[in-house]
Structures are given as structure tokens and as C-alpha cells.
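Good morning, and thank you for joining. I would like to take you through one protein model, from its overall make-up to its individual side chains. Please look at the sequence and the structure as they come up.

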Amino acid sequence: MDKYEEFYKESLARAKKEHRDNAQKLRSGIRILFIVPIFFLALMFMTGANKAVFLVLFIISLFVIAFYLINLEYRDYKLQEKFLNRGSEEIEGLVQMNLDRVAGVVTNIVENMEEK
């Protein structure tokens, strides 16, 4: 049981660390969502090159960054959902195990009382 508890605590700690890392990545991604398109817009107006190329790069960068942020948030949501469900199932299992143990103890007590 100690190995199981240790493994569970380690996996829970890794999940919490991954959640914190994902939150940091989301903050950075939102900053990048503003910075990169502004960079392409600035290049578009500062250079004399074809503006359509920079406009296309601007639009593609918005889609790529948005896709990355949506994917990151979805993975973080699934991670949290997995650990919340596992926790409730584990608690139900422990409660059932304790109820079975209590039932066994009560049965032994009743049998001992009947013998006397």
C-alpha cells in the first residue's frame, strides 16, 4: 500500500506541476498572440514590400497561435478531469474497503457475544 500511495502522490505532484506549467504557457501564449501579429503589421507598414504577404503571415500567425492555445487548454482540462475523477473513484473504493472491514469486525464481535 505504501508503494501505491507513494506512486499516487508522485503522479499527483507531476500533474500539479504540469498544470502550473500549462498556466505559464497560456500566459506566454496570450502575450505572443498580441506581439507576433503586431510585429507582422509593423513590418507590413515599414517595408515597401508586397503587403499581401505580410497580411497572410499576420492571419496565419493568429490561427497557429490560437490553435496552440486551444490545444494546450484542452490538454490541461483533460489532465484536471482525469485526476478529479480518479480521486473520487479512489475515495469511493477506500470507503467501501473500510465498510467491509467494519462489517467483518462487527460480525466477529456478534459471533463472540453469541458464544458467551
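I shall begin with the basis of the model, then turn to the fold, the surface and the salt bridges.

This is a predicted model, in which local features need pLDDT of at least 70 and side-chain atom pairs count only at pLDDT 80 or more, while totals for chains, interfaces and linings use all residues. Residues are numbered from 1 along each chain as its sequence is written, and side-chain values use heavy atoms, with hydrogens and water left out.

First, the overall picture. The protein has 2 helices and 0 strands; helices (H or I, at least four residues) and strands (E, at least two) are DSSP runs, numbered from the N terminus. Helix H1 covers residues 2–46, and helix H2 covers residues 51–115. Of the 116 residues, 16% count as buried. Here buried means under 20% relative accessible area, exposed over 50%, and partly exposed in between, with a 1.4 Å probe and protein chains only. The accessible surface comes to about 9,400 Å², and 67% of that belongs to carbon and sulfur atoms. These areas come from the Shrake-Rupley method with a 1.4 Å probe, and for residues only the protein chains shown count as cover.

Leaving aside residues up to four places away in sequence, Asn 22 touches Leu 72 and Asp 76.

Phe 63, in helix H2, is exposed, because its relative accessible area is 62%. Phe 63 and Leu 33 are 30 residues apart in sequence, and their C-alpha atoms are 9.5 Å apart in space.

Next, the surface patches. These consist of residues with over 30% relative accessible area and no salt bridge; like charges are joined within 9 Å, and nonpolar side chains (Val, Leu, Ile, Met, Phe, Trp, Tyr) within 5 Å. Ile 30, Phe 34, Ile 35 and Ile 38 make up a nonpolar patch with about 430 Å² of accessible area together. One of its members, Ile 35, lies in helix H1 and is exposed at 55% relative accessible area.

Which residues form the negative patch? They are Asp 2, Glu 5, Glu 6 and Glu 10. In this scheme Lys and Arg count as positive and Asp and Glu as negative, with His and the chain ends not counted; the charge is placed at NZ of Lys, CZ of Arg, CG of Asp or CD of Glu. Glu 10 belongs to helix H1 and is partly exposed, at 43% relative accessibility.

Finally, the salt bridges, each defined as a side-chain nitrogen of Lys or Arg within 4 Å of a carboxyl oxygen of Asp or Glu. The count is 2. Asp 21 pairs with Lys 17 at 3.0 Å, N to O. Since these two residues are 4 residues apart in helix H1, about one helical turn separates them. Asp 21 is partly exposed at 34%, and Lys 17 is partly exposed at 44%.

The other bridge joins Glu 81 to Lys 78, with the closest N and O atoms 3.2 Å apart. Both residues lie in helix H2, 3 residues apart, or about one turn. Glu 81 is partly exposed at 28% relative accessibility, as is Lys 78 at 35%.

How values were computed
Contact = heavy atoms within 4.5 Å.
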